[in-house]
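Hi everyone, thanks for having me. Let me walk you through one chain today, and please keep an eye on the picture as I talk.

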Amino acid sequence: MKNINKIFSLVFVAILTAVTFTSCEDEEKARFPQLSNGGFVKFVSAPEFDMGADPATASFSAMTEDPNGTVATYEVTVVGDFDGAPSEALAFGTTTTFPFDVSFTIADMAALFEVDATTFVEDDSFEFFGVVTTVDGVIYDGSTPSGSYPEGDDPENAGSWNGGNTNGVLTGAFGLLAAFNWEVSLEDPN
């Protein structure tokens, strides 16, 4: 019995010693980074991304908002996927206030792309990209794939994540309604 008490006493002293020395660790090494709300723009409500199959009557209706109140500017560009579409993105709209209307008709897209409205046919689409600059200057870029590394000879930024900080898993998650990258198609919603 005396041996068991000695063993328990030794185990107790060992645990107490380990806890004591662990708690004396430098607290500066175990600090968590300061967290803050980012530049997140979302749709006010879930829009219908299939705008209708008939180009004569097709339209997209959606409003965006800044739920964190941290956005200084929100810029939206669009790339068209139709016969004769330019390969570069065109400026769709910019705002410094919310809610911001990102709605459009086919006539609006025809004017933006400088084509006749009859150019558009069923299954054509428009892909939108949002770029947010927060009040403290951080840029969240929906046009740059998340987690991509900078190309070229930029040793200062080599191996760092893009400035966008827009994780596709988070911004594309069901229910978040992120307005950083979305596609609207000329298709029947039914």
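Let's start with a pair of strands: E3 and E6 run antiparallel and are joined by 2 bridges. One of the residues to look for is Thr-64, whose bridge partner in E6 is Phe-100. When I say that strands pair, I mean that DSSP finds at least two bridges between them. Helices (H or I, at least four residues) and strands (E, at least two) are DSSP runs, numbered from the N terminus.

A quick word on what we are looking at. This is a predicted model, where local features need pLDDT of at least 70 and side-chain atom pairs count only at pLDDT 80 or more, while totals for chains, interfaces and linings use all residues. Residues are numbered from 1 along each chain as its sequence is written, and side-chain values use heavy atoms, with hydrogens and water left out.

Back to our strands. E3 belongs to an open, antiparallel sheet of 3 strands, in the order E1-E3-E6. E1 and E6 are the edge strands, each pairing on one side only.

Now, which residue forms a salt bridge with Lys-42? That is Glu-65, and the closest N and O atoms are 2.9 Å apart. A salt bridge here is a side-chain nitrogen of Lys or Arg within 4 Å of a carboxyl oxygen of Asp or Glu. Glu-65 sits in strand E3 (residues 63-65) and Lys-42 in strand E1 (residues 42-43), 23 residues apart. Is Lys-42 buried or exposed? Lys-42 is buried, with a relative accessible area of 16%, and Glu-65 is partly exposed at 26%. The cut-offs are under 20% relative accessible area for buried, over 50% for exposed, and partly exposed in between, with a 1.4 Å probe and protein chains only.

Next, find E8. This strand has 7 of its 10 residues buried, so it is largely enclosed by the rest of the structure. E8 pairs with E4 in the antiparallel sense through 10 bridges, and there Val-78 has Phe-128 in E8 as its bridge partner. With E10, E8 is again antiparallel, over 5 bridges; Phe-126 is partnered by Val-184 in E10. Then come 3 bridges to strand E9 (residues 139-141), also antiparallel. The hairpin of E8 and E9 has 4 residues between the strands, and Gly-137 takes a positive phi near 90 degrees there.

What about the inside? The largest nonpolar core has 31 residues, and among those touching the most other members are Phe-60, Phe-128 and Trp-182. Such a core is a set of buried Ala, Val, Leu, Ile, Met, Phe, Trp, Tyr and Cys residues joined through side-chain atoms within 4.5 Å. Strand E4 (71-81), helix H2 (106-113), strand E8 (125-134) and strand E10 (181-185) each supply at least two residues of this core. Beyond its neighbours within four places in sequence, Phe-60 has contacts (heavy atoms within 4.5 Å) that include Phe-43, Phe-104 and Trp-182.

Finally, how far does the confidence go? The chain averages a pLDDT, the predictor's confidence in each residue from 0 to 100, of 79, and 68% of the residues score at least 70. Strand E6 (residues 100-101) has the highest mean at 97, and helix H3 (residues 168-171) the lowest at 44. Over residues 157-173 the pLDDT is below 50.
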